[in-house]
Amino acid sequence: MNRDPAASSNQPANDEWTIVIGLEVHVQLLTNSKLFCGCVNRFNPDQPNEQTCPVCLGLPGALPVMNRKAFQLSLKTALALDCQIAEFTKWDRKQYYYPDLPKAYQISQYDLPFSHDGFLDVELGDQPDQAQRIRIIRAHLEEDAGKNIHDESGRGRDSQIDLNRCGTPLLEIVSHPDIRSAAQARKYLEELKLLLTYLGVSDCNMQEGSLRCDANVNLHIPRGDEVVETPIVEIKNLNSFRGVELALEYEAQRQWREWQSTERRLGDVAKVTRGWDAERGVTFAQRGKEEASDYRYFPDPDLVPVTVSAEQIADISDTLGERPAARRRRLMSEFELNRDSARVIIDQGAEFAGYFEDVCGVCGAGPLTANWLTQDVLRVLHETKARITDFPLSADVLGELLTRIAEGQITTNSAREVFNSLIDARQQSGPASPEDIGRLIQERGLAIVSDQATIQPVIDAILAENPQAVSDFQNGKQGAVGPLIGKAMQHIKGADPKTVRQMLIDAMTG
Amino acid sequence: MSARLTVQDVMKVASLARLRLSEDELKSFTPQLARVLSYVELLDELDVSDVAPMAHAVEQQNVLRDDVARPSLTRAEALQNAPKTDGRFFLVPPVLTDAMESG
Amino acid sequence: MSLTAANAGQLLSLMECGDASAVDVTQACLDRIAAHDDQIGAFIHVDAAHALAQAERVDARRTAGASLGSLAGLPVAVKDILCTHDQPTTCASRMLRDFHPPYDADTISRLRAADAVILGKTNLDEFAMGSSVENSAMQPTRNPWDITRTPGGSSGGSAAAVAAGMCPLAVGTDTGGSIRQPASFCGVVGLKPTYGRVSRYGLIAYASSLDQTGPLANDVRGAARLLQAIAGHDPRDATSVQVDVPDYTARLETPIADLRIGIPREYFSEGLSDDVAECVREAIDVLRSLGAQTVDISLPHLRYSVAAYYLIAPSEASSNLARYDGVHYGFRADTFDDMIDMYCTGRGAALGAEVKRRIMLGTYALSAGYYDAYYLKALRVRRLIRQDFDRAFEAVDVIAGPVAPTAAFKLGQFVDDPLSMYLTDIYTIGANLAGIPGVSLPAGVTTDGLPVGLQLLATPFAEETLLRAGRMLERETTWHTRRATLES
């Protein structure tokens, strides 16, 4: 029996086993306020318990009211993931006891999630046209719990509870176990982050906790006519994309070793939870959860259901715009970029990619523009901690500058000089205009001089002043022309070195 | 099932509900709960397989609020009923397992 | 006229024309409480200085010519299940004995906006679970008409306070009959509004899809005024409805012409005591004498109401009360081994027997393997009960009947027999399951001198019909003018 949906397009790491991975991702949504109350939705670990109210504190008598924007962002995300949207959806109480869950239940969605059956395509290796489709089982909307800070000293001191985070809107996205390598798992997360940041739905910052990931993993081991599956392990406490990849790689090896010594199969034991220890680079067994939890789900009587019409779905679909993966492919095909350049540009966000396309629109040179954007422009943005929308040079201006390079009117170095001057000058004289480019080139004599009439007299003079070099060259010493080029360049600002060289050679050999 | 509700059943449910019951309570609650469960079996007289469940008394939909941030309670107010606090956090005894769930 | 025998309207007139000040009125109530509440036990918390300060503010503003709210200077007792930021809110439970909410319930905000004087917090069955206030962890409450008997529950404290002349108005809550039954036992007016009519924000939840806050008063007009002040949409409660609030007092004196009264044949069966049946029939006859028509109707699923309720309400309650874990508020045990032990010990010690029983019933009904057979099934039966009412109201304007099978029962009567206590909710529970409004109106007394209530039910948002019909009855009878005699 072979259940691998796309095994053919992604060879297992070896012939002994295939790793099978499903990812459960929680992202915090970028709303102003929390999911069920008006407390501000802001990451604030330094001022505990200052962003709470009766509702998110779970005080007796408090009631939840759904945040419209949270629902809209969720719909947007689900549509971008090509999910089916439920016409009728409701919220359920998931009941369990934990000190960071003040109501002793989490408002979540159980049997009627607002979306289901979507997918995310993840590119394989270096082939842009080959993508693995990772299917998504469901995406639903629920509230976050607070934070429980354990005493790490081991002296058994009280745990501290901060409820600032309690009630933050979370979108839970559950994939099918379609992922077939640790690297692919990481790519899935990167693509998901790219998509969600493009949509403005979430920051997807694992370090700040706005993206959390649990992985479910086991091995499929071919054995004669059958394929044996090892017990599924859930890995928690993953806190970086790289960590996810390392943990899965480690876990695959561990499960292989365990299979070899125990031959335990899926179904022999209950699902096990292991934590990832990033420092030691290992997964470790976690205590607790000996029995399966009975969450006693039932529809939350304080919240009324939500209906979504086909019209609403169409309206939101229209606002989705081009998805980043598609845009990345288009940059490569339409603007002749290589994969890495396209990726860097797309990773900077929709506005940056838009700037790229605008600049290209002016100068028509894709790779050239990509170089300048990924090096010079990004450098300035990083140094000034600015976004592309604040960048001092408009697309028109930069486009004009790059046009001059593309047409051979100035050298790259000269262009850099102009670039830096305009950026520095912005403070004093306001935004630059394309005319400033021409003006600066002229003022500083940066135009490449390549017309023979201007250069010839200088050539003649240099040759006349350097008879030894001339005779050396004429006697076969090719390298003698080098210093002569340098001397000539000193006399003609902006001379095109290729032209100068050719003319010197012609003069000496003519 | 209900008529045969045992003390063990009651203990299991009490544990799910995080309720410690005394011996006396176990002894008196068990028959009382058994009687109620037996009584509600009255509903088995009805075939309701084609009747939609009514979870809300007033069946309205789409009650949503605008995404506007509003003032929160002060920290002092949030902590004012806390049985144990250090002035910044709620304090609880250390949790031994990473995720404790009902069951 | 004694201030404590007056109704709300009479008190407002006295204050408006200057014959009494708000302080006079509040002081009279406080005096009566001081004289009799040791015996009656209606109040859990009274802050006399605080009440008088509120009254003083009303007097000062009246003197200054400022405009005043619709309940200006009227003392109102509030069931201790509504959050008040300036007084403790205990739900008559050890779990919340020291709980001070940092916020006011919507109902409380509206009372303050109407310039009412919030007299204090009244006793109830713990977390509103019960029909006699015997489940209060604080103290018993006695029926002012016979102190060996219960005032009913769970809003027994509020009903007793009004019946004892301690205040003309009180606020209660009704989940399975908890306003109407105590109103009946205490001979006062008690109204449960349509679900969603009054905001539940700040009402400490027992069963979320059934709870409603409503007025108790010593006359129909008083109940109407109080309802007027607290009804209305609240954006903080997603189950609160956006239906206009009519003027409940505008047409109160206008009798309803051609009132059609449905009498369910299932009501008058064995189990209903004779003297209650007689009082109820007599009250219906009064309405008939005013031109009302009675129609024989059927509520075929009446007999399943109690079973459905005692699956739905405990299920919701088991979830609503799970938050009482002593982590962020509420009682926390002193000694325990670990976290789980802390929860179990604290809840075990601080929650009463009836609360524990209902939590366990609900936990059981929602647990894996039982959910479909119990909780879900009860929700389906609920719809059938609602459909019974919808069908009945096609032919009638109101449905009339008893509130409870008997008049007030003796304290201790059901202490070992919770199921028998549950069965007494048979007439009131249907309105909560269906979400429709209902009122209990004083309808005379039994031969033992115990009050009996007539229950009227109406379609959603037809509270005005209930109040007008109630006023019709009041005008023709003197039942509502009788007051319990209290020993000094």
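Please keep in mind that the model is predicted.

Let's begin where chain C meets chain B. On this face, 53 residues of chain C are in contact with 44 residues of chain B. Several helices of chain C take part: α9 (305-320), α10 (339-350), α11 (353-366), α12 (372-392) and α13 (418-423) each bring at least two residues to the side that touches chain B. The biggest giver is α12(C), which supplies 10 residues. Sorted by class, this side of chain C holds 31 nonpolar, 12 polar and 10 charged residues.

Chain C also touches chain A. Here 32 residues of chain C are in contact with 24 residues of chain A. On this side of chain C, α9(C) gives the most, with 3 residues. The residues of chain C that touch chain A comprise 18 nonpolar, 8 polar and 6 charged ones.

How far can you trust chain B? Its mean pLDDT is 89, with 88% of its residues reaching 70 or more. Helix α3 (residues 75-79) of chain B has the highest confidence, at 98, while helix α1 (residues 7-16) of chain B has the lowest, at a mean of 94. A stretch to treat with care is residues 97-103 of chain B, where the pLDDT is below 50; even so, beyond near neighbours in sequence, this stretch has 26 contacts in the model. Where pLDDT is low, the predicted coordinates should not be read in detail.

Now turn to chain A, and to a sheet within it. Three strands make up this open sheet, in the order β6-β5-β17, and their pairing is antiparallel. At the edges lie β6 (105-108) and β17 (298-299) of chain A, each pairing on one side only. Strand β5 (residues 92-95) of chain A joins β17(A) in the antiparallel sense over 2 bridges. If you want a spot to look at, find Asp92(A), which stands opposite Pro299(A) in β17(A). In general, the strands of a sheet pair through backbone hydrogen bonds.

The last stop is helix α7 (residues 339-347) of chain A. Which of its residues are buried? They are Ser341(A), Ala342(A), Arg343(A), Ile345(A) and Ile346(A), so you will find a charged residue among them. The cover over these buried residues includes α6 (324-334), α8 (350-363) and α9 (366-384) of chain A. Just after α7(A), look for Gly349(A), which takes a positive phi of about 110 degrees.

Definitions and conventions
Residues numbered from 1 in each chain as written. Chains lettered and ligands numbered in written order. Predicted model: local features only at pLDDT ≥ 70, side-chain atom pairs only at ≥ 80, totals over all residues. Pairing = 2+ DSSP bridges. Helix = DSSP H or I, 4+ residues; strand = E, 2+ residues; numbered from the N terminus. Contact = placed C-beta atoms within 7 Å. pLDDT = per-residue confidence, 0-100. Buried ≥ 20, exposed ≤ 12 C-beta atoms within 10 Å, placed from the backbone.
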